[in-house]
Amino acid sequence: MLQSVAVTTSSLPPGPRPFSAEEHATWGDVVRTQRPRRSQQLVPMFEAGLRALDMDHETIPSLAAVNARLAPLTGWQGVFVKGLEDARGFYTLLAEKTFPIGHFVRDREDLDYTPEPDIVHDLYGHVPFYADRTYAEYCEAYGRLARRYFTEPERLRRLERYFWFTLEFGLVETPVGRRVFGAGIASSVGECVYALSGEPEVLPFDVERICAQEFRIDQMQKRLFVLPSVEALYASFDELKRVVAR
Ligand SMILES: [Fe+2]
């Protein structure tokens, strides 16, 4: 997750420690809970990505195996990183078709929500989307756009807000109903329920408003935006560029 401005750049040394049985079990809890709910909660491209990458299992998959399936689909790869890093590192990786993955697992009591981007968030929540060519190309372009603004904090902040309310916490209308689009929600058992419960305020997709909308990273999102379609996000890129450049 891009946590306000926080992801990591520095890769782990070769051969990070193996995950423990407890960590695999926590991952398994998420997959087992979410599997029967996905068709009702998630945008279909998420499930399609999980299947394309052979990730729908109850133990943490090997990143090498995921990357071996991901590369021929879109040219993207996941890379383990040490901890939180800033927007520069995150967007630089995106521009290089690389997604950073925290090499740790949330506590088992934090299945509903974790403010820290762990492997459940980064690998289970984000990476399946990168099996989709259009999504992957959009994110690469997003990283390239953000790189232009590394020395312009307010413009970079607009891009962070937009990323947050679309790719991390967006909802989307689909022919079968409203679904979760954002990886930050997708990786949270509790927030998948909450986001679609009618409790949070859900506003129509609006580039300018999203670019000005502050957010908190330490709680479930009380205000969300809903895309009319996934394609509408991609189609908004030129408008985003204009709003950010102002
Ligand atoms: Fe994220």
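This is a predicted model: local features need pLDDT of at least 70, side-chain atom pairs count only at pLDDT 80 or more; totals for chains, interfaces and linings use all residues.
**Notebook: salt bridges, strands and core**

I started with the charged side chains and found Glu22, Asp29, Arg32, Arg35, Arg38, Glu47, Arg51, Asp56, Glu58 and Arg108 linked in a network of salt bridges (a salt bridge being a side-chain nitrogen of Lys or Arg within 4 Å of a carboxyl oxygen of Asp or Glu).

Residues are numbered from 1 along each chain as its sequence is written, and side-chain values use heavy atoms, with hydrogens and water left out.

**Salt bridges**

I get 24 salt bridges in the structure. Helices (H or I, at least four residues) and strands (E, at least two) are DSSP runs, numbered from the N terminus.

For burial I use relative accessible area: buried is under 20%, exposed is over 50%, and partly exposed is in between (1.4 Å probe, protein chains only). Glu22 comes out partly exposed at 44%, and Arg108 is partly exposed at 35%.

Next I checked Arg106 and Asp118, whose salt bridge has its closest N and O atoms 2.9 Å apart. Both residues lie in the loop between S2 and H6, so the pair ties together parts that are 12 residues apart in sequence. Arg106 and Asp118 are both buried.

Glu23 and Arg17 also meet in a salt bridge, at 3.0 Å from N to O. Glu23 is buried at 13%, while Arg17 is partly exposed at 42%.

**Strands**

I then turned to S3 (residues 171-174), which pairs with S4 (residues 177-180) in the antiparallel sense over 4 bridges; pairing requires that DSSP finds at least two bridges between the strands. A hairpin of 2 residues joins S3 to S4, and Leu171 has Val180 as its bridge partner in S4. S3 also runs parallel to S6 (residues 223-227), joined by 2 bridges, with Val172 opposite Leu227.

**Core**

Last, I looked up the largest nonpolar core, which has 77 residues; Tyr91, Tyr138, Tyr162, Phe181 and Leu240 have the most contacts inside it. Such a core is a set of buried Ala, Val, Leu, Ile, Met, Phe, Trp, Tyr and Cys residues joined through side-chain atoms within 4.5 Å. I followed Leu240: its contacts (heavy atoms within 4.5 Å) include Tyr138, Tyr162 and Cys211, not counting residues up to four places away in sequence.
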